[in-house]
Structure formats: structure tokens, C-alpha cells
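Subject: The structure I promised you

Hi,

Have a look at it first, then read on for what turned up.

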Amino acid sequence: MRQLLMGLVICAAAAAPLSAEEDAPPSPMERGMQQFLEGLLQDMEPAFDSMRGFMQQMGPALMDLMDQVEDWSAYEAPEILPNGDIIIRRKPEQETPPDEDMPPQIDL
């Protein structure tokens with residue numbers, strides 16, 4: 001969804017007239033791009049509305065979760081179980097790497 005929104009922003013920027021003359025009528029290419037973007041925005045409006053509703057309902061809970069978790073890199077990707085539960089497992093702790101200043105010890 002984020003990539004689609006970025007694409008829309010880029011298309012809108014490309015559709016904006018680049019000439020200094022604002023009184024000049026838009027070219028057929030500019031009119032076509034404007035109509036394309038208007039149609040795309042009309043088609044995407046229901047998705048934007050549902051996303052807006054989701055963020056209004058879930059936004060506070062997600063912000064609370066973001067505040068509670070200090071380091072997201074310490075967790076595995078979420079896993080959805082067959083019963084619908086979502087598990088986010090902590091990654092196994094790795095051994096600390098040996099100190100680089102000390103030479104490696106060799107057992108004889």
C-alpha cells in the first residue's frame with residue numbers, strides 16, 4: 001500500500017505543469033494524466049476510508065505497543081497460527097563474540 005501511495009505522489013508531481021506559463025492550456029498529455037489520477041483516486045477512495053477507520057480504531061493500541069517494545073530487531077517475524085493467534089517470538093540470544101583484542105586460545 002505504501003508503494004502505491006508513493007507512486008501516486010510521483011505521478012501527481014509528474015502531472016503538475018512544469019512550465020512557468022500558468023495561463024497556457026494544458027497539453028493533451030497533462031489532461032490525460034490528470035484524468036487518470038482523478039480516476040485512480042476515485043477507485044482508491046474506499047480503501048483510504050477503510051484504512052482511515054482502521055487507524056482510528058487501532059492507532060492508540062499500536063502506539064502503545066511501539067512504546068513497550070524497545071528493540072524490534074530482537075524479535076522474529078510474526079507467525080499466524082491455524083487458530084488465528086499471532087505469535088511474535090523473541091530471537092534466541094546469540095553468544096557474545098570473543099574479544100578481538102585477545103588472541104584465540106588453542107587447546108592442545
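Start with helix α2, residues 28–68: it has a kink of about 55 degrees at Met58, shortly before the proline Pro60. The bend at a residue is the angle between two axes, one fitted to the seven residues ending there and one to the seven starting there. Keep in mind that this is a predicted model, where local features need pLDDT of at least 70 and side-chain atom pairs count only at pLDDT 80 or more, while totals for chains, interfaces and linings use all residues. Residues are numbered from 1 along each chain as its sequence is written, and side-chain values use heavy atoms, leaving out hydrogens and water.

Now the overall layout. The protein has 2 helices and 2 strands, and from the N terminus on they run α-α-β-β. Both kinds of element are DSSP runs numbered from the N terminus: helices are H or I with at least four residues, strands are E with at least two. Of the 108 residues, 6% are buried. Buried means under 20% relative accessible area, exposed means over 50%, and partly exposed is in between (1.4 Å probe, protein chains only). In α2, the buried residues are Leu37, Met44 and Gly59.

What about contacts, meaning heavy atoms within 4.5 Å? Taking those between residues at least 6 apart in sequence, 27% join residues at least 24 apart.

Helix α2 gives the most to the nonpolar patch, with 7 residues.

Which residues form salt bridges? The whole structure has 2 of them, a salt bridge being a side-chain nitrogen of Lys or Arg within 4 Å of a carboxyl oxygen of Asp or Glu. In one, Asp49 and Arg52 have their closest N and O atoms 2.8 Å apart. These two are 3 residues apart in helix α2, so about one helical turn separates them. Asp49 is partly exposed at 38%, and Arg52 is partly exposed at 47%.

In the other, Glu79 meets Arg89 at 2.6 Å, N to O. This pair links distant parts of the chain, 10 residues apart: Glu79 is in strand β1 (residues 79–80) and Arg89 is in the segment after β2 (86–87). Glu79 counts as partly exposed at 35%, as does Arg89 at 44%.

Last, the rings. The search found 1 aromatic pair: Trp72 and Tyr75, tilted, at 6.4 Å centre to centre with 55 degrees between the planes. Rings of Phe, Tyr and Trp (its six-membered ring) pair if their centres lie within 6.5 Å; planes under 30 degrees apart are stacked, over 60 edge-to-face, and the rest tilted. Trp72 is partly exposed at 37%, and Tyr75 is partly exposed at 22%.

Cheers

Note on methods: Contact = heavy atoms within 4.5 Å.
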